[in-house]
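Here is a short briefing on one protein chain. Look over the sequence and the model first, then read the points below.

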Amino acid sequence: MAKAELRKELMAQREALGAAARVAADGRIARAVLGWGGFREAPLMLSYISVGAEVDTRALIAAALAQGKQVAVPRCVPGTRCMEWYRIEGPKWLEGLRPSAFGIPEPAENPDTLLGSFPANALALVPGLAFDRAGFRIGYGGGYYDRFLAQFPGRALGLVRNGFLLESLATLGAADAHDLPVPRLATEAGVIAAMREG
C-alpha cells in the first residue's frame, strides 16, 4: 500500500473513533506514561500539542508542569522542515499559544524561552497516525520529527492507541530510508520497547 494511501486510510479510521473511545484510550495512555520510569526521571519533557483526534497530550503536559518539570513545545521554523522548542509555564500555558499555518497551537518566538540543547535524560513525546512494532511511524508527511529525532540525545516515546499499532510499515510499503524509529511506545496496555529485527 502506498504511503499516501495508507495515511489517508489511517486518518479516516482515527476520525471515525468516537470521542468517548478516544478519551478512554488516551487516559490509559497518559497513565502508562506517568507511571513509566523514563517520565519520572526526565527533568524536561518535549511534547507536541495534540489537535483533533490525535492522542491527547494536554493531561501529560499539565502533570509534568505540576511535578515541577520543564516542558517545551515545538514551533515550526518557516521555510524549513525544522522545529524549535520553547519552554512553557504555568496553569494557563495554552493561552500563550497561537495557531500556526497548519492550525497547530505554537509558542511565540522568544529567545528567553528557546531551548538550545537537551539533556540526555530529556523525554520527547512523538506523534503519529500509526506506529509499527519496530517503532517506525507514519506521520503527516512533513518530515519534521525525523529531522528532530536524528539529533535528539534523549528518550523518544511514541504515543499510539492499540488499534493504530501495526505489525510492519515496511511490509505495507510505507517505510522510507530516512525514517527513524522511536525506541519505545506508550499504548493503553503500557509502555513497551520497540521490537528490533535480527
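The accessible surface of the chain comes to about 9,700 Å². Carbon and sulfur atoms hold 55% of that surface. The model is a predicted one. Of the 198 residues in the chain, 49% are buried.

**Fold and dimensions**
- The chain holds five helices and twelve strands.
- Its radius of gyration is 16 Å, which agrees with the value near 16 Å for a compact globule of 198 residues.
- Along the principal axes, the C-alpha atoms fill a box of roughly 45 × 40 × 35 Å.
- Among contacts with a separation of 6 or more, 74% join residues 24 or more positions apart.

**Charge**
- There are 22 positive and 20 negative side chains in the chain.
- The centres of these two sets lie 3 Å apart.

**The site around R14**
- R14 sits in helix α1, which covers residues 3-16.
- Is R14 buried or exposed? R14 is buried.
- R14 has no salt bridge.
- A salt bridge needs a nitrogen-to-oxygen distance within 4 Å.
- Which residues does R14 touch, leaving aside those up to four places away in sequence? They are R22, A53, E54, G128, L129, Y140, R161 and F164.

Notes: Residues numbered from 1 in each chain as written. Predicted model: local features only at pLDDT ≥ 70, side-chain atom pairs only at ≥ 80, totals over all residues. Heavy atoms only, no water. Helix = DSSP H or I, 4+ residues; strand = E, 2+ residues; numbered from the N terminus. Rg over C-alpha atoms; globule rule 2.2 N^0.38 Å. Buried < 20%, exposed > 50% of the residue type's maximum accessible area, 1.4 Å probe, protein only. Contact = heavy atoms within 4.5 Å. Areas by Shrake-Rupley, 256 points an atom, 1.4 Å probe, with all protein chains shown as cover. Lys, Arg positive; Asp, Glu negative; His and termini not counted. Charge placed at Lys NZ, Arg CZ, Asp CG, Glu CD. Salt bridge = Lys/Arg side-chain N within 4 Å of Asp/Glu carboxyl O.
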